[in-house]
Amino acid sequence: MISRQLTFRLLAFAALVAVIGLVFWSQSSAFASTGNLRSLMRHMSVQGLAALGLTFVIVVRHFDLSFPGIASMGAMTLGWLIASGLPLPVAIGGGLAVGLIFGLVNGIVVARLGLPDIVTTIATGGLAIGFSYFYSNGTSISQNFFMSGILDLNDRKIAGLDMPFAILMGAAALGAVLLHASRLGAGLYATGQNRTSAHFAGIPTRRLIVLAFALSGIGACLAITLLIASSGAANVTAGNQLLMPAFAAVYLGAALFGRPSIGATLAGTLLMSMMLNGFTLLAIPYYYSDAIVSTVLITAIAIFDPRVSGLLRRAGRRTGAAT
Amino acid sequence: MTDMTHTQVRVRRGPPRGDVLMRYAFFLLVLVVFVTFATLRPAFITPGNIHGMLMSASIAALMFLGLTWLIAAGEIDVSFMSVAALSNMVVAGLVFKGAGWGLAALGGLGAGVVFGLLNATLVAVLRLPALVITIATGALAASIAAAIGLGTSIALNNTGFVGDILDLRVGVVPLIALIVGALYAASWVVQERLTFGHYIYAMEQNRNAVVEAGVPVNRMLFLLFVLSGTVSSLAGVLLAANLSSGQPYLGTSYFLDGLTAVLLGGMALKVGKPNVIGTLTAVIFLIGLLNGAALLGWTDSQRQIVRGSLLLIGVGLVVFARTRRKA
C-alpha cells in the first residue's frame, strides 16, 4: 500500500519533470543541450545545499528565516579570508564556521531559551547582514580569488560529475544517512511530530533542534561557497536569492512526497532549478520568474494540503456521482 | 458570568509593583534616548526634523497597524511590506500612465485589498501555514511591484491630492500624523475596550478554547488579514506621494522595523502582548533612533545591527515577561 502510494508520487514527479522539460524544450531547443544541463545542475547544487539544510529545520517543525543573512555573512568571511591570503581550506572552513556559529546561536536561543523561531531567526539574519558589512563596508571582495584556487571548485570534475553537483550529491548522501538511516533522524522526525512525547520517549529534543539549526546554517554557507566559486566575487547581497527557492524546494518536495525528506527536497530543488533555468534561458526578467515561483509555491502548498485535497476529492466525487 | 468579568478586570487593573516599572520602562527609555540625541545633536529637535520624523513615523505606523493585531492574535504576516511596495508601484504606474490620483489611489488600495483577501482566504479559510503562505504572497507582490516598473523605480512629476494632504500641517505636526494618531486611538478602544479586542488576545492564548466558546475565529482572522493588507496599501499610497516616486524595493527597509515595532511595543503597557499604543511608541522610537543615529554619523550596517539587536531584545523580553507571569 505504502509502496503503491510512493510509486504514484514518483510517477507524478516524473510527469511534472517531463512536462516542464518539454515546455521549455519546445520554446528553446538549447534547454536540452549538454552545456545548459550542466549549468542547470550547477544552479541546482547551490539551491539544493541551502534547501537540504533547511529541510532539517522543517522536519523538526521549526522555521529558519536567517539563512540568507547567514549566507551573506559566510560569503564575506570567506572572501575576506581569501583576500588576506590565507590558504583555501582555511578560508572555506572559516565561512562554514560562520554558518555553524549562527546556526548554533539560533538553535540554542529557540530550543533552550524558548524564543519564537520566526522572529528570532529574522533578527539573527538581520544581525548577520549587518556584520557582513564590516569586512569591506559593503563593497564586494574579489582580490586573490584567481590565485586561491576557489574557482577550481566550480570548474573541476569528479568521476565525470561537475564538482558542485558532486558536492551536492555527497551532502545529500550524508543527509540521507543522517535523516533516514540513523537514530538521530528518527529522533528528528519524532521531535517534529510531537515534541513533548518525543521528550518523554527519551529523545534529546533540544539538542536535535540545535543540530537542525546548525545544519541549516552550514548548508547555507556551503551553498554560498559554491556560488562564490562560480561568480568569482563575494558580496553582501549574495544570500538574498536563497530564501524563496529554498522554501519553495522544501515545500514543493514535501507536498509531492507527503513529508519533508532529503529525496523530496532534491526533487523540489530539481523542479525549481528547471523552472528558473528555463526562464533565464528564455530571457524572462527575474521579476516575472519570481512571480511564477511564488505562485507555484502557493499552489503546491494549497493543492497538497490534506484538508484542501480532501475537499477537492469530495467535490470531484460529488460531480462524478451527479453525472 | 458578569462576576467573572469583573474580577478579571480588577486583576488587570491592579498589577504587582514590579510590573509597573516594566509597563512604563519602555516610555522612559524612549525619553532618555531622545533627550540624549537632542543634547548631542541640537539638529535633532529642529522643527523641520521633527516634522520629517513624524511624517515617516505616521506612514510606518499605518503600515504596522494590521500586523500588530495579527501578531497579538498569534499569527504572522510577512507580506505587509511587499504589499505596501506593490500598491506604491501601482499608484506610480497608474499616475505615470496619465491616470488621475484618485483613480491611482483606488488602484493601489485595491491591490492591497486583493492581497489581503488572498492571504485571508489561504490562511483563514483553507487553514494553510501563515508564515510560508505570506512569504510566498509577499514574494508575489514584490515581483509584481518590480514588474510594473520593469525592475526600476518610477519618478512622478506631481503628487496630486495625496501630496496636498501630506503637505497640510498644524504647527510642526503634519495633519497625517493627527489622522494616524486618531486611527490608533480608535484601534486602542477596539483592542482594549471591545469584545473584538479581547478575542484577539484570547486567540493567542488558546485558539481552541476561543473556538469552543463559540467565537467565529476564522472570520476574525479573515478580517485581520484583510485589514493588514488594506492599511499596508494605504501606507504604500501615501509613500508614493511622500517620495514622489514608486519604489519597487521599499519593502525591505520596513520588514525588520515592522516586526521590531510590534514586538518591542508589546513590552509597553501590556508586558508582552502586542498592542497599538506600544506599536505607535516603538515606531516613534525606531524612527527617532535611526534619525538620531544618522545625525551622529552611524553607517547603514551599524544601524542594521542596532535594528537586529532591538528585535532580539524585544522578543527576549516578551518571552521572559510571559514565562514569569505564568510562573
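These legends accompany close-up views of a predicted model.

**View 1. The side of chain A that touches chain B.** Contacts join 34 residues of chain A to 33 residues of chain B. Four elements of chain A each give two or more residues to this side: helix 5 (117-132), helix 12 (243-257), helix 14 (286-304) and helix 15 (306-322). By residue class, the chain A side holds 24 nonpolar, 7 polar and 3 charged residues.

View 2. Helix 3 covers residues 67-83, 17 residues in total. At 1.5 Å a residue, helix 3 should span 24 Å, and its end C-alpha atoms are 24 Å apart, so the two values agree. The helix is mostly covered, with 16 of its 17 residues buried. Just after helix 3, A:Gly85 takes a positive phi of about 90°.

**View 3. A:Ala283, a residue with positive phi that is not a glycine.** Its phi is about 60°. A:Ala283 sits in the loop between helix 13 (262-281) and helix 14 of chain A. A:Ala283 counts as exposed because 7 other C-beta atoms lie within 10 Å, and the exposed class takes in residues with 12 or fewer.

**View 4. B:Ser244, a residue other than glycine with a positive phi.** Phi here is near 40°. B:Ser244 lies in the loop between helix 11 (217-242) and strand 4 (245-246) of chain B. With 16 C-beta neighbours inside 10 Å, B:Ser244 is partly exposed.

Technical notes. Residues are numbered from 1 along each chain as its sequence is written. Chains are lettered from A and ligands numbered from 1 in the order in which they are written. This is a predicted model: local features need pLDDT of at least 70, side-chain atom pairs count only at pLDDT 80 or more; totals for chains, interfaces and linings use all residues. Two residues are in contact if their C-beta atoms, placed from the backbone, lie within 7 Å. Ala, Val, Leu, Ile, Met, Phe, Trp, Tyr, Cys and Pro count as nonpolar, Asp, Glu, Lys and Arg as charged, and the others, Gly among them, as polar. The expected span of a helix is 1.5 Å times one less than its number of residues. A residue is buried if 20 or more other C-beta atoms lie within 10 Å of its own, exposed if 12 or fewer, and partly exposed in between; C-beta atoms are placed from the backbone.
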